[in-house]
Every structure is written in structure tokens, then in C-alpha cells.
Amino acid sequence: MTNQIVPRSNSTGPIPPLEYPVDQVVFTPPIDIFETADGLVLQADLPGVSSESLELQIQDNKLSLFGRVSLTIPPEARLIHQEYQVGHFLRSFILSDEVDHERISAKLNQGVLEVILPRLSKPEPRRIPIQIV
Amino acid sequence: MPVFRWGHAWNPIRDLEREVDQLLAKVSLFHGIRFGQQYPPVNVYELDEEFLLTAELPGTRAEELEVLISNGVLTIKGRRNGPEGIADDRFRRQERPRGPWQRSLTLPDHIQEEKLAAEFTNGVLCIRLPKASATQPRQIPVTNGNPGIATVDRT
């Protein structure tokens, strides 16, 4: 698995590229990837992102996530003390061949995205009957 | 005369340490989390009627989040849980911070502590701190006290 910021110009293909405002700050969210019995699980911290404002896309073997942060702060509020910056989240991953792309599922809970990447099930060995001629 | 003495030998290291600390302080390792900074980082917004304090706490369960106020000090504490039952060697990548955290903040004087409200949505904690209305100047009546108490008996 690699992680890289995909330049906007690079994401061309049959699926429309992810749209994000370039004038805003875009952050690379911290992630965990761990193995389970069934495959891999990816967790990403996306505070402020709701399930409606999250775009998860698979193109070929690249999984990209783009989370739009919607602030609950009224626009007239003045920022008087700042310790962290608010911005959208963008990150993409190259999936290995062992991941079953068709069965990938994802859920978002309190700002944490969890993507389940099931391992491709290997076909069972099959006995080929030999005909006696 | 000794060229090298322990007492002096450590000073350059301390200087180096300080310089490295300063360098690292400018580098944001993870989004929002920096060395020498308290966790969680908070932003404070001001409105006409209230202050809003926000903190990003993804992966914290609302029932594990504690917001306490006592004598003008706001304390928030909780813990960030990693995935349960996953051994460390199962991780291919581990970047998300975890573990218990606590932070205390001193509030300005004119806050209505009893009207404080907190909500937790999409991993962002927002605490509303309503401002107290401007207090009216109050006259303190001065009465004639017992002169016997006020004067010092010099005899």
C-alpha cells in the first residue's frame, strides 16, 4: 500500500475526477491499516466530515477518499484563538491485487472512516475427472 | 588542564536539543498534532452572545467524553481507542493517535457556567460558553461601624 496525494491533473479516466476546491487547505488524514482474518481494514480520521460529504472512489486499483468538512460554526463567528486548522481531507491508496474490489465496504462513525477490504477468495481446488476411454 | 569536562560537555547537546525542539515545533507531523502542544488542540470563536470552543476528537465515543467545569476551569477528558483485539504486528500502518487525554482551560470571568452546553458531531466537539450579561454597578452601602473595633487601643 502506498499513499500519495493525487494531483488534480492526474486523475483522468472514465470516472469523473474528484472535485475539490484548490483554494482551500487540504490535509492528509492519519490512517491505520491492519490485517484481519478476512482481509484488510483501513481507518482514517476525518473529523467534521459527514457521510454525505465523503467521496470514496475506486478507479482501477486506486482507492481515493475526499472528505469535505462542513463547519457548524456560524459564519459571523470571529476566530479569536487557533490551535488547529480546518480543511478538507484527501488521500489515496494503491490496492494490492489480493483485495476483492467488488466487496469493499465502508462506514463513517464520529469522524472515523472504516473501509473493509476483503481478501479475494481463492477458488477451491477442483478435481478434474479423467474419462476412461 | 582537562580539555574535556563532563560539566561542559552536555551544554552543546542541550543547545542542540533545544534547536531540534524548535525545528520540530514547526513541523506538523499529523494534522493538528504538534510536538509541545497540548492535546486536543482547540479553536475558540466569539459571537455576540457566546464563545464557541471546538476540538477535533475523531474516534471518541460521546459517552466516554467528559466535560467538567469548576471554578472557572473547563476540563475535557476522554480516550481515543484503537481497534479492539488487534495485535500490534497486524498493523501495516499506524498513524492515528490513541490513548487517554485530558486538557484544562481557564475560562474568562464573564461566562455563565451553568448554561454551558456541549455537542459532539462527526468527531468534532463544540462547547458553547454563553456570555454573562454586563453586570450593573452595584452600590455598597457603608454604615457606621462600632468605633471600638476599628480603633486600636494604644494604652
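I began with burial: a residue is buried if 20 or more other C-beta atoms lie within 10 Å of its own, exposed if 12 or fewer, and partly exposed in between, with C-beta atoms placed from the backbone. I noted that this is a predicted model, in which local features need pLDDT of at least 70 and side-chain atom pairs count only at pLDDT 80 or more, while totals for chains, interfaces and linings use all residues. Residues are numbered from 1 along each chain as its sequence is written, and chains are lettered from A and ligands numbered from 1 in the order in which they are written.

**Entry on V112(A)**

I looked up V112(A), which counts as buried because it has 23 C-beta neighbours inside 10 Å. I found V112(A) in strand 10 of chain A; helices (H or I, at least four residues) and strands (E, at least two) are DSSP runs, numbered from the N terminus. Leaving aside neighbours within four places in sequence, I listed Q43(A), D45(A), P58(B), G59(B) and G123(B) as its contacts, where a contact requires C-beta atoms, placed from the backbone, within 7 Å. I also noted that V112(A) and P47(A), 65 residues apart in sequence, lie 7.0 Å apart in space from C-alpha to C-alpha.

**Entry on the cores**

A nonpolar core is a set of buried Ala, Val, Leu, Ile, Met, Phe, Trp, Tyr and Cys residues joined through C-beta atoms within 7 Å. I found that the largest one has 19 residues, and that L42(A), A44(A), L46(A), F89(A) and L113(A) have the most contacts inside it. Strands 3 (31-35), 4 (39-45), 6 (62-69), 8 (88-94) and 10 (112-118) of chain A each give two or more residues to this core, and strand 10 of chain A gives the most, with four. I then checked L42(A), which touches I31(A), I33(A), V115(A) and L117(A) when residues up to four places away in sequence are not counted. A second, separate core of 13 residues includes F51(B), L53(B), L57(B) and F120(B).

**Entry on where the chains meet**

I read that 32 residues of chain B are in contact with 31 residues of chain A. On the chain B side, strand 1 (42-46), strand 2 (50-56), strand 5 (91-94) and strand 8 (124-130) each give two or more residues, with strand 1 of chain B giving the most, five. I also saw that strand 3 of chain A and strand 5 of chain B run antiparallel and are joined by three bridges, and that two strands pair if DSSP finds at least two bridges between them. In this pairing, I33(A) stands opposite R93(B).

**Entry on a sheet in chain B**

I counted two helices and eight strands in chain B. An open sheet of three of its strands has the order 3-4-6, with antiparallel pairing. Strand 3 (66-70) and strand 6 (99-106) of chain B stand at the edges, each with a single partner strand, so one side of each is left without a neighbour in the sheet. Eight bridges join strand 4 (residues 73-80) to strand 6 of chain B, and I found L74(B) bridged to L105(B) in strand 6.

**Entry on confidence**

I looked up pLDDT, the predictor's confidence in each residue, from 0 to 100. The mean for chain A is 81, and 82% of its residues reach 70 or more. Over residues 1-23 of chain A, pLDDT stays under 50. Where pLDDT is low, the predicted coordinates should not be read in detail.

Technical notes. Contact = placed C-beta atoms within 7 Å.
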